[in-house]
Amino acid sequence: SFNKMNRLVRDLSRKFEKEIELEIYGEDTEMDKNVIEQLADPLVHMIRNSIDHGVEEKVKRIELGKSPIGKIVLGAHYEGSEVHIVIEDDGAGLNREKILEKAISKGLIDGSRHDIPDSEVWQLIFEPGLSTAKEVTDISGRGVGMDVVRKNIDKLRGKIAIESNKGKGTKITFKIPL
């Protein structure tokens, strides 16, 4: 349940020495028990990522004119015949250049293609071993374990949509068919 996430955010905030406010909506959205179980790990992973890699250090946030307190929104709502689970942060956003550089060096994409749309670039973070973190922490690495997130969502016949704006944050939506 979403309420477990409050404790997770509190614990991780302490660990990474960041102040984070968690906003939750739609926790009363009805979901199949199996779906809830399959979503538990991906949610934990995405929230860890947001705190570790997304939300900047307090000093950096102040320099950027942002609130010193980072914000993560976790929500659920219905859209047509799907339930959408949203994890959104107001952090640094995904680094397109770094992701592409890594994907090219791993041979995942052809280095001569420069016209790749952001939506495709963002999906590369789910490729096995594609961590752009300088050092992979014990807790997360965008890329390490992200392939597991995708496997779990695939099992539910779901899709993952990513929107990211440099300096503004990242929004990840798990779209799960009912």
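A salt bridge is counted where a side-chain nitrogen of Lys or Arg lies within 4 Å of a carboxyl oxygen of Asp or Glu. The structure is a predicted model, in which local features need pLDDT of at least 70 and side-chain atom pairs count only at pLDDT 80 or more, while totals for chains, interfaces and linings use all residues. Residues are numbered from 1 along each chain as its sequence is written, and side-chain values use heavy atoms, with hydrogens and water left out.

By the salt-bridge rule, the count comes to 10. In one of these pairs, the side chains of Lys166 and Glu97 meet at 4.0 Å, N to O. Lys166 is in the loop between strand S4 (159-165) and strand S5 (169-177), and Glu97 is in helix H4, so the pair links parts of the chain 69 residues apart. Helices (H or I, at least four residues) and strands (E, at least two) are DSSP runs, numbered from the N terminus. Lys166 is exposed, at 59% relative accessibility; the classes are buried (under 20% relative accessible area), exposed (over 50%) and partly exposed (in between), with a 1.4 Å probe and protein chains only.

A second salt bridge joins Arg61 and Asp90, whose closest N and O atoms are 2.7 Å apart. Arg61 belongs to helix H3 (residues 58-63) and Asp90 to the loop between strand S3 (82-89) and helix H4 (96-105), so parts 29 residues apart in sequence are tied together. Arg61 is buried, with a relative accessible area of 1%, whereas Asp90 is partly exposed at 23%.

Arg150 and Glu127 also form a salt bridge, with 3.2 Å between the closest N and O atoms. Because Arg150 lies in helix H6 (residues 146-155) and Glu127 in the loop between helix H5 (118-123) and H6, the pair ties together parts 23 residues apart in sequence. Arg150 is partly exposed, at 25% relative accessible area, as is Glu127, at 21%. Salt bridges with shared partners join Glu56, Arg61, Lys66 and Asp90 into one network.

Not counting residues up to four places away in sequence, Phe174 touches residues including Leu39, Met46, Ile85, Val149 and Ile160, a contact meaning heavy atoms within 4.5 Å.
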